[in-house]
Amino acid sequence: MSKKRNINTILAQAGIKSDQATGALTTPLHFSTTYQHPEFGQSTGFDYTRTKNPTRATAEKTLAAIESADYALATSSGMSAIVLAFSIFAVGSKVLAVRDLYGGSFRWFNQQEQEGRFSFTYANTEEELIHHLDNDPVDVLYIETPTNPLMLEFDIAYLAKLAHAKGAKVVVDNTFYSPIYQRPIEEGADIVLHSATKYLAGHNDVLAGVVVTNEADLYDKLFYNLNTTGAVLSPFDSYLLIRGLKTLSIRMERSTENARKVVEFLKTSPQVKEVLYTGKGGMVSFKIQDEKKIPNLLNSLQVFTFAESLGGVESLITYPTTQTHADIPAEVRHSYGLTDDLLRLSIGIEEADDLIEDLKQALEA
């Protein structure tokens with residue numbers, strides 16, 4: 001039996017030794033949509049690319065391994081990963097979710113509730129989650145940790161234990177931390193999601209999602225639904241995702257190093273009234289003293305880019321009120337602390353001093 005390898009080794013060697021025909025070190029790109037049957041009644045394991053593609057299969061093998069899971073499915077976007085995960089739950093399922101969510105997740109959840117597919121209960125804190133798990137019927141527990149953009153963390157292992165005692169499945173969005181800092185399957189999650197567009201791919205040039213699980217019965221349902229609906233990751237995007245994965249660990253380490261320095265600066269700035277950061281990863285949120293200055297601040301930045309998304313090598317700044325969370329009604333956002341004075345940073349791998357100087361001059365402009 002081969003020894004289980006460290007995540008850094010798995011990432012660096014993603015896709016190598018996968019091409020037995022030529023020994024190519026780089027994962028081959030298989031563009032073919034269909035595959036020849038050797039003989040009647042026989043298959044190479046690949047019949048039609050929507051069902052299975054060699055390049056995508058290599059990406060999925062790596063994704064499963066780094067999440068300590070047996071199975072992974074690569075989808076066309078992070079949102080398609082969420083839709084796929086929920087496709088296996090019965091109509092009428094009761095979902096308990098953290099309140100501070102990515103705006104796109106909330107938008108889709110809200111649509112599902114309005115159309116009668118699922119009912120949602122939201123909790124602001126871990127204590128509220130525990131209360132609902134103790135007292136209410138729950139079929140699915142959905143967690144982002146840390147949350148987007150308030151950076152709240154939740155105890156996956158404890159919450160999963162409570163949820164499983166009620167017969168509920170646990171779904172965790174692990175986009176912000178990636179498997180470098182958190183592997184929810186090891187803590188009891190049934191399904192783990194990623195917007196692989198973000199840290200996993202890491203270069204702002206791939207739109208991708210991931211669904212992983214350790215449970216064969218869940219995988220069978222997920223695979224069937226993905227093959228049926230067809231929101232699979234293309235061969236070329238699968239190739240780019242593999243390429244990005246190879247540097248995930250060192251990118252996360254550098255982003256964390258830079259983020260810690262940026263946070264130190266923000267905490268000393270008189271223009272900043274609150275900094276939200278967990279201590280690891282590249283995601284930082286902060287609240288500015290005078291929200292009327294936000295347009296000028298955004299227009300003054302020269303190193304940071306004012307754009308949506310996160311997790312790339314370039315540092316980005318996002319204004320959730322008008323961008324990622326614009327579909328959440330203002331009264332809802334404000335009720336749980338996502339106020340109009342909040343800005344979100346995705347810290348990249350540039351020189352930290354340049355990032356700090358850029359923020360300093362923009363805050364003082």
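P146 sits in the loop that runs between strand 4 (140-144) and helix 6 (156-165). The model described here is predicted. In this model, P146 is joined to T145 by a cis peptide bond. The omega angle of that bond is about 0 degrees. P149 also belongs to the loop between strand 4 and helix 6. The bond that leads from N148 to P149 is cis as well, and its omega is near 10 degrees. M151 is another residue of the loop between strand 4 and helix 6. M151 is not a glycine, yet its phi is positive, at about 65 degrees.

The protein chain is assigned two domains. Domain 1 covers residues 7-247. Domain 2 covers residues 249-364. Their centres, taken over C-alpha atoms, are 27 Å apart. Domain 1 brings 32 residues to the contact, and domain 2 brings 33 residues.

Between them, domain 1 and domain 2 bury about 2900 Å². Carbon and sulfur atoms account for 61% of this area. On the side of domain 1, the residues that lose the most area to domain 2 are L150, Y181 and Y199. Together they make up 25% of what that side buries.

Polar interactions also cross the interface. One salt bridge is found between domain 1 and domain 2. A salt bridge joins the side chains of R107 and D327, with an N to O distance of 2.4 Å. The interface of domain 1 and domain 2 also holds 19 residue pairs in polar contact, with both residues at pLDDT 80 or more. Three helices each supply at least two residues of the side of domain 1 that touches domain 2: helix 1 (7-12), helix 4 (103-114) and helix 7 (178-181). Helix 4 gives the most to this side, with four residues.

L316 has S346 of strand 12 as its bridge partner.

One annotated segment was also examined. An unreviewed UniProt entry lists residues 71-92 as "transmembrane region".

How values were computed:
Residues are numbered from 1 along each chain as its sequence is written. This is a predicted model: local features need pLDDT of at least 70, side-chain atom pairs count only at pLDDT 80 or more; totals for chains, interfaces and linings use all residues. Side-chain values use heavy atoms; hydrogens and water are left out. Two strands pair if DSSP finds at least two bridges between them. UniProt positions are given in the numbering used here, feature names are shortened, and annotations may be inferred rather than shown by experiment. Domain bounds come from an automatic or database domain assignment. Contact means heavy atoms within 4.5 Å. Buried area is the accessible area (1.4 Å probe) that two parts lose on being put together, summed over both. A salt bridge is a side-chain nitrogen of Lys or Arg within 4 Å of a carboxyl oxygen of Asp or Glu. A polar contact is a pair of N or O atoms within 3.5 Å; within protein, one must be able to donate a hydrogen and the other to accept it, and residues adjacent in sequence count only if both atoms are side-chain atoms.
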